[in-house]
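Please examine the sequence and the three-dimensional structure shown below before reading further. The report then describes selected features in plain terms.

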Amino acid sequence: MAEPAKAKDGATLVAELFEQHRSAIFAYICRLTADASLAEELTQETFLRVFEARERLDRVVNLRAWVFRVATNTTFSALRRRKRFAWLPWEAAEMASTRDQDIAERVGLEDAVAVALASLRPQYRAPLLLFSQYGFSVAETAAILGISEGAVKTRVYRGKELFQQA
């Protein structure tokens with residue numbers, strides 16, 4: 001007689017979550033902080049927190065959204081703790097202040113997008129990324145950020161406006 005399928009233990013589930021989501025989490029944190037080395041550190045801290053919560057993972061309904069919430073909270077906590085801001089590189093800041101040439105022509109479209117995104121405050125950047133880039137619904141984004149759905153809609157709308165202005 002075959003044994004019933006065992007539920008995955010917490011450590012195995014964390015390893016799978018790490019493999020499935022580490023690249024997306026790193027990219028998300030990198031976009032929030034505009035600092036690749038800090039993003040690497042915070043990605044590791046995120047999965048450490050996920051590992052520490054491994055005994056509760058069986059109660060989580062949407063693991064992907066939950067991991068993004070852990071990443072968001074970890075990043076915002078680090079930014080508050082370190083009182084760091086996502087400053088533009090000197091060259092990009094000079095280019096952004098130059099009104100006579102198009103940023104996209106000088107640094108390329110990808111760099112222009114990164115500069116514009118980095119100019120947004122995290123309260124607008126996070127919902128805009130989660131909703132537009134990572135495809136989370138308004139309800140999932142609200143759950144990840146711990147804010148109301150109305151606040152998500154407002155921040156995404158305002159974030160889009162600010163992004164276009166930048």
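The model is predicted, so local features need pLDDT of at least 70 and side-chain atom pairs count only at pLDDT 80 or more, while totals for chains, interfaces and linings use all residues. Residues are numbered from 1 along each chain as its sequence is written, and side-chain values use heavy atoms, with hydrogens and water left out.

**Overall fold**

The chain contains nine helices and zero strands; helices (H or I, at least four residues) and strands (E, at least two) are DSSP runs numbered from the N terminus. Along the sequence the pattern reads α-α-α-α-α-α-α-α-α. Of the 166 residues in the chain, 37% are buried (under 20% relative accessible area, with exposed over 50% and partly exposed in between, using a 1.4 Å probe and protein chains only). Contacts (heavy atoms within 4.5 Å) between residues at least 6 apart in sequence join residues at least 24 apart in 65% of cases.

**Helix 3 and helix 7**

Two packed helices are described by the angle between their axes and the distance between the axes. The axes of helix 3 (residues 63-82) and helix 7 (residues 122-133) come within 12 Å and cross at roughly 160°. Here axes are lines fitted to C-alpha atoms over the stretch in contact, and angles run from 0 to 180 degrees between N-to-C directions. Helix 3 and helix 7 are therefore roughly antiparallel to each other, a term for angles over 145 degrees. On the side of helix 3, F68, T72, F76 and L79 take part, and they meet P122, A126 and L130 of helix 7. By class, this contact has six nonpolar, one polar and no charged residues (Ala, Val, Leu, Ile, Met, Phe, Trp, Tyr, Cys and Pro count as nonpolar, Asp, Glu, Lys and Arg as charged, and the others, Gly among them, as polar).

| Residue | Relative accessible area |
|---|---|
| F68 | 1% |
| D35 | 18% |

F68 lies in helix 3. Leaving aside neighbours within four places in sequence, F68 is in contact with residues including A24, Y28, L130 and I144. The C-alpha atoms of F68 and Y28 are separated by 8.6 Å, although these residues are 40 apart along the chain.

D35 is placed in the loop between helix 1 (10-33) and helix 2 (36-52). The side chains of D35 and S37 are joined by a polar contact of 2.9 Å (a pair of N or O atoms within 3.5 Å; within protein, one must be able to donate a hydrogen and the other to accept it, and residues adjacent in sequence count only if both atoms are side-chain atoms).

Terms used:
Parallel < 35°, antiparallel > 145°, perpendicular 65-115°, else oblique.
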